[in-house]
Structures are given as structure tokens and as C-alpha cells.
Amino acid sequence: MPTEKPQPAFVLVRPQMGENIGAAARAMWNFGLDRMRVVAPRDGWPNPSAVAMASGAGRLLDEALLLDDLPGALGDCHYVYATTARGRELTKPILSPEEAMRDAALRISQGQKVAVMFGPERAGLENDDVVRANAIITVPVNPDFPSLNLAQCVLLTAYEWRRAAGAIPEGRVHMHNTQWADQIEIEALATHYDARMGEAGFFFPDHKAANMRQTLRNFWSRMPLTQADTRLLHGILRQMVRWKDRGDGGA
């Protein structure tokens with residue numbers, strides 16, 4: 001069984017080579033992390049090459065969660081970081097690994113569930129992955145050679161987690177009759193607004209619709225929403241639809 005010590009989950013998104021998954025497991029266990037989630041691995045699961053490379057960290061692979069898609073992998077999380085070396089046409093906080101893991105340590109000390117996403121080896125995370133994150137982790141690498149191996153990125157982030165976890169800062173947010181919204185609730189909210197705004201003809205013209213939807217989804221992931229907030233926003237949209245259907249006029 002995974003250890004009970006609070007820690008972030010490391011989510012490997014569509015990893016390609018079993019050897020890199022195994023090396024990532026070793027890197028995690030080097031720094032006391034054992035919550036691995038594997039999303040749609042290219043070569044199937046379990047993977048003999050991953051097991052061979054993991055060596056003494058094979059237990060992490062045995063206990064890793066296998067998920068078909070990213071929403072399923074992030075559903076129980078309250079805050080998500082995406083690792084990427086490339087600039088993005090997305091408005092999000094951008095943190096170094098050190099800053100991100102200090103932030104993660106604080107959030108976890110407050111009872112939040114946190115995840116870090118790592119992209120596939122060939123091209124990294126896609127924008128459709130990154131919009132589901134609340135913040136981006138970028139490593140200050142050589143701009144002429146910015147690509148990090150998957151296991152190297154995991155190792156670097158795990159090292160910074162170990163440093164931050166040794167001195168988790170004090171701090172908390174008073175939650176009055178609510179809790180932080182998790183990614184399942186954020187995903188439901190995003191889907192609700194996407195559907196209703198689509199019906200209203202908001203995503204126009206057609207050639208801009210995909211980018212508009214991505215921008216809207218990114219908007220939800222940037223806000224620190226509580227469960228009460230999501231209920232309120234669902235209620236606002238439902239009432240606006242009811243008002244429209246009554247034919248009471250309006251501009």
C-alpha cells in the first residue's frame with residue numbers, strides 16, 4: 001500500500017517508453033514519493049520494460065493507478081500543476097519547480113489534494129492537457145535545448161518536493177460551510193457552461209470555436225473555486241436559461 005504521508009500525486013500523461021516510466025518510479029521513490037498515476041500509456045500496462053528499469057521501486061508500479069483519460073486521473077484533486085518547457089498561449093501562473101513544490105507543500109498542509117502532470121516524451125503536454133492545470137511549472141533550461149527526459153523532470157520535481165516537505169509552512173484558509181472544489185466538480189462546471197454557451201451561439205465563428213473553448217476551460221482552472229462557488233455558478237447559469245425560456249424579453 002502507498003505510504004500515508006501527505007504528498008502530491010505524479011501523473012504521467014500518455015507516456016511512451018516503459019523504461020522512462022520505470023526510471024520515473026525510481027526517481028519518485030528516491031525522494032519518498034509513491035503516488036504514481038499513469039494515463040493511457042502507449043505500450044500498454046503492465047509494462048515489463050518499466051518493471052526492469054524501476055529496480056527497487058517496482059512497488060510503485062504495482063500500486064500505480066492506470067487511467068484512460070486525464071479528467072479521470074485528476075478528478076479528486078484540488079490543485080494541479082503542469083510541467084512544460086515551452087511557452088504557452090495561456091494565461092496561468094508560471095512557477096519554478098522550487099516555487100511550485102513550496103506552494104504544493106502549503107496546499108497539502110491545508111488538506112488539499114495536489115497533482116503534478118508530466119507529458120509524453122516526444123512532445124510533452126498538449127494545450128488541451130495544460131488548460132486543466134491551475135499553474136505551470138517551467139524549468140530554467142538551456143533555450144537551445146529545452147527538452148528534459150521524462151524521468152529527469154520527475155527527479156527534479158521530486159527533489160524540490162523533498163526540500164519543501166521538510167519545512168512545510170504554517171498557514172490555512174478558513175472554510176465556512178464548504179470545501180475546495182475538486183477537478184471532477186470543475187470539469188462538470190466547465191462542461192455545463194460549454195454546453196449552454198454552445199447552444200446560445202457563443203462559440204462563433206466556427207474557425208475560432210476551438211480556441212474559445214480552450215480559453216474558457218483555462219479560465220475555470222485559474223480560479224480557486226470552492227464547492228459553494230461551483231453550486232452558485234451552476235445555479236446562475238440554470239436561472240439564466242430558465243429566464244430565456246420564459247420569453248420575458250431582455251436585451
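Modeller: Val 80 has Ala 115 of E6 as its bridge partner. This is a predicted model, so read every value here as computed from it. Strand E6 covers residues 114–118, and its pairing with E4 is parallel, over 4 bridges. E4 also pairs with E7, residues 135–137. That pairing is parallel too, and it has 3 bridges. There, Ala 82 has Ile 136 of E7 as its bridge partner.

Now the side chains. Tyr 79, Tyr 81 and Thr 83 point one way from E4. Val 80 and Ala 82 point the other way. Residues on both sides are buried, where buried means under 20% relative accessible area.

Next, the setting. The protein chain has 10 helices and 7 strands. Of its 251 residues, 45% are buried. Take contacts between residues at least 6 apart in sequence: 85% of them join residues at least 24 apart. The radius of gyration is 20 Å; this agrees with a compact globule of 251 residues, because such a globule would have a value near 18 Å. Along the principal axes, the C-alpha atoms fill a box of roughly 70 × 45 × 35 Å.

Last, the surface and charges. The accessible surface is about 13400 Å², with 54% belonging to carbon and sulfur atoms. The chain carries 28 positive and 29 negative charges, and their mean positions lie 3 Å apart.

Note on methods. Residues are numbered from 1 along each chain as its sequence is written. This is a predicted model: local features need pLDDT of at least 70, side-chain atom pairs count only at pLDDT 80 or more; totals for chains, interfaces and linings use all residues. Side-chain values use heavy atoms; hydrogens and water are left out. Helices (H or I, at least four residues) and strands (E, at least two) are DSSP runs, numbered from the N terminus. The radius of gyration is taken over C-alpha atoms; the globule rule is 2.2 Å times the number of residues to the power 0.38. Buried means under 20% relative accessible area, exposed over 50%, partly exposed in between (1.4 Å probe, protein chains only). Contact means heavy atoms within 4.5 Å. Accessible areas come from the Shrake-Rupley method with a 1.4 Å probe; for residues, only the protein chains shown count as cover. Lys and Arg count as positive and Asp and Glu as negative; His and the chain ends are not counted. The place of a charge is taken as NZ of Lys, CZ of Arg, CG of Asp or CD of Glu. Two strands pair if DSSP finds at least two bridges between them.
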